[in-house]
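Please look over the sequence and the fold shown below before reading on.

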Amino acid sequence: FYGRSIWSYRHTVLGTATTFLFVGVEVGLASIMVNYFRQQGIPTAQAASSLIAFYWGGQLLGRLAGAWLLSRISAGRLLGIFGIAATTLVLVSMITTGHLAIWSLILCGLFNSIMFPNIFTLGIAGLGPLTSKGSGLILTAAVGGGVIPFLLGALAAEVGIQHALILPVACYLFITHYGFSGSRQSDELAPAEHVP
């Protein structure tokens, strides 16, 4: 580990990018839900806002279920599976209308539930004395919660909210890739030769 830069650990760098996208898509979906639900037939902003509670509530339920699932499925594989589920739900919302479009988006909260802790755990795995640097790098990527919602809003203004959901789809696909492949540690974790 001596003489190595945290940037030389591929799974940590990809974990940082994945965290950026995850926090961004998590906040981004919540930020557009009121307008999106109104577009899908919910009559008032208040009624649309009340539905967002189910999105966040799904995260709580998913976290509890995820703790049980992690005792049976590896963190990377579970992250990939949940990424596929979230991607599918957003795609369903894109191509449908009404209650199906609404609830498919709300259900994304359920599958968001285990993403951050799994990404974080996978990103700092095997870092040894560099763990604090790796965790700091990954946590800094939470800035995605300010960037992705802005991009999503700008895209929605150009092409409409439903078509703008292609951005969350892209984010979830990257998260899926990280779970199944990008989070794997390779021989770069072998301790580097100490340089005085």
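Which residues does valine 34 touch, not counting residues up to four places away in sequence? Valine 34 touches Ala45, Ala48, Ser49 and Ile52, where contact means heavy atoms within 4.5 Å. Valine 34 has its place in helix 1; helices here are DSSP runs (H or I, at least four residues), numbered from the N terminus. Although valine 34 and alanine 48 are 14 residues apart in sequence, they are 5.1 Å apart in space, C-alpha to C-alpha.

Two remarks on the basis of these values are in order. This is a predicted model, in which local features need pLDDT of at least 70 and side-chain atom pairs count only at pLDDT 80 or more, while totals for chains, interfaces and linings use all residues. Residues are numbered from 1 along each chain as its sequence is written, and side-chain values use heavy atoms, with hydrogens and water left out.

Helix 1, which spans residues 10-39, also holds threonine 18. Threonine 18 is buried, with a relative accessible area of 0%; buried means under 20% relative accessible area, exposed over 50%, and partly exposed in between (1.4 Å probe, protein chains only). Once its neighbours within four places in sequence are left aside, threonine 18 is in contact with Ile119, Phe174, Ile175 and Tyr178.

In soluble globular proteins, nonpolar side chains tend to be buried together. A nonpolar core is here a set of buried Ala, Val, Leu, Ile, Met, Phe, Trp, Tyr and Cys residues joined through side-chain atoms within 4.5 Å. The largest such core has 45 residues, of which Leu29, Phe37, Leu105, Met115, Leu165 and Tyr172 touch the most other members. Among the elements that give two or more residues to this core are helix 1, helix 2 (45-69), helix 3 (75-95) and helix 10 (166-182), and helix 1 gives the most, with 11 residues. Leucine 165, leaving aside its neighbours within four places in sequence, is in contact with Leu29, Ile32, Tyr36, Val90, Ser93, Met94 and Leu105. A second, separate core of 7 residues includes Ile6, Leu127, Leu130 and Leu137.

Helix 10 has a number of buried residues, including Leu167, Cys171, Tyr172, Ile175 and Tyr178. What covers the buried residues of helix 10 includes helix 1, helix 3, helix 5 (108-112), helix 6, helix 8 and helix 9.

What, then, of the cysteines? The structure holds 0 disulfides, a disulfide being a pair of cysteine sulfur atoms within 2.5 Å. Cysteine 108 is in no disulfide, and the nearest cysteine sulfur, that of cysteine 171, is 12 Å away. Cysteine 108 counts as buried because its relative accessibility is 0%, and cysteine 171 is likewise buried, with a relative accessible area of 2%.

Helix 8 leads towards the surface. Leucine 155 is found in helix 8 and counts as partly exposed because its relative accessibility is 28%. Not counting residues up to four places away in sequence, leucine 155 touches Gly160, Ala164, Ile166 and Leu167; leucine 155 and leucine 165, 10 residues apart in sequence, are 8.9 Å apart in space, C-alpha to C-alpha. Leucine 151 is also found in helix 8 and is partly exposed, with a relative accessible area of 40%.
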